[in-house]
Amino acid sequence: MLFGLLSSYKRPITNTLCGTTKARASLGIDNLGQYKMMDPAFQPGGSSIVTIQCAAAGKHPFYIHEGEINNWVCNNGGEKKVTAVILHVLSSTPYPGLVLDVGSNFGYYGLLAMKMGFESLLFDLQPECHQRINNAIVVNQFQALGRVVPFGVSNIEASFRVPSTGCNGRFPASAHEQNKFNHGDSVAHVYPLSKFIDDDQHVLLMKVDTEGNERNVLEGAMPYFSRRLVSNAIVEVTPGSDFWKHVNITREQVAETFSRIANYGYTMISLHDWSIHDTPAEVHSYIMNADFGQSDVWLTDHAVNASEMLGIKALV
C-alpha cells in the first residue's frame, strides 16, 4: 500500500461491459482528505471557475479553473487533433470504459471524458493542480465518475520535491530548465500503473502528456499493453525539445518502447502528419527520424482505415 493511503483511495466499482458484469478496484472518491475542495468559490492561485466549451463545437461544456492552459487546449492545432481523437474514441465506444489522464494539469481531458459519461482518473504531480481538478470535479458534480490521483505513473517507484503552489503545464521540464527540479516544500511520488488499478483492468483510453517522461510512463503501463488491456493511448512525444536529456533517456530508448508496444499488435498514428505505422519497424523508424519538437501519437489496438481517419479529421 502507498504509505497506507491507497486503502482510503480505493473502492470497488462494478462496471457493465458488453452485457457482463466486471468488478474492479478503482481509486474512489469517498475520502479525498486534504484534496477535497467543496466550495465553488474556492480559487487556488487566484483562479476562478469558468465554463469551457470548445470541444465538439460546444456540445460538451463543463466547468474548469481559469488559466492560460484553457486557451492552449482550445486553440492550439495539436491539441485540437488530440481532442478530435478523444471525441472519436469515446463517441464510438458502445460500452462503459475507464479513461486515464496522466499529466492532467488543470484536468481538461479527464473532465471532458467525465462530461461524456466515462469514469476517469486524473494523475498529476503538482499539489495546486490536485486542488484545481478536485474543485472542478465537485462543481461539475462528477464525483461519481472520477477523481484526481495525486501521484505520477512511471516504470519505477521514486519521489522528489515539488512546490506546493503553481500548476505549470510544462512541469517537470520547466523545473529542469530552471535547475529547480527536486526543489519545493511538497513531495511527489511516482509508481507503476499497477499500484493504482487492478492487474486485469481494461483501459479504454490513456492520455499521456508528461513533458519528456512519456517513455517512463509507457514502461510503467507496459504490462497492460502487453496483454492488450489498453485499447487506445494518446501520447505526447518530444524528440526535438531536449526534454529526454533531463531524465537521461535516449531517442533509441523511446523508439524501442514504442516499437515494443507496436509488437503487441498496436497501430501508431502520428497526429503531426496523420501518417499510419502498422509494424514495429515502421514505428521505430518514425520515432528515430521525427524532426518535430513535440507532437502526439495515437496508439490503438485496431487497424485504422481511410474512412475512420477522414471522420477524425472532420472533428478538428
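The model is predicted: local features need pLDDT of at least 70, side-chain atom pairs count only at pLDDT 80 or more, and totals for chains, interfaces and linings use all residues. Residues are numbered from 1 along each chain as its sequence is written, and side-chain values use heavy atoms, without hydrogens and water.

Eight strands form an open sheet with mixed pairing, in the order 7-6-5-11-12-15-13-14. Strands here are DSSP runs (E, at least two residues), and helices are runs of H or I with at least four residues, numbered from the N terminus. Two strands pair if DSSP finds at least two bridges between them. Strand 7 (146-149) and strand 14 (276-277) are the edges, each pairing on one side only. Strand 12 (residues 230-237) pairs with strand 15 over six bridges, in the antiparallel sense. Ile234 has Trp298 of strand 15 as its bridge partner.

Helix 5 (residues 127-139) lies across strand 6 (119-123) and strand 7. Helix 5 runs at about 175° to strand 7 (axes are lines fitted to C-alpha atoms, for helices over the stretch in contact, with angles from 0 to 180 degrees between N-to-C directions; contact means heavy atoms within 4.5 Å). Helix 10 (residues 251-263) lies across strand 12, strand 13 (267-270) and strand 15, at about 25° to strand 15.

The largest pocket is lined by 48 residues (a pocket is an open set of points on a 1 Å grid over the protein atoms alone where a 1.4 Å probe fits, with protein on both sides within 12 Å along at least five of seven lines; lining residues have an atom within 4 Å of a point). Phe171, Pro172, Asp209, Thr210 and Glu211 lie nearest its centre. Helix 2 gives the most to the lining, with four residues.
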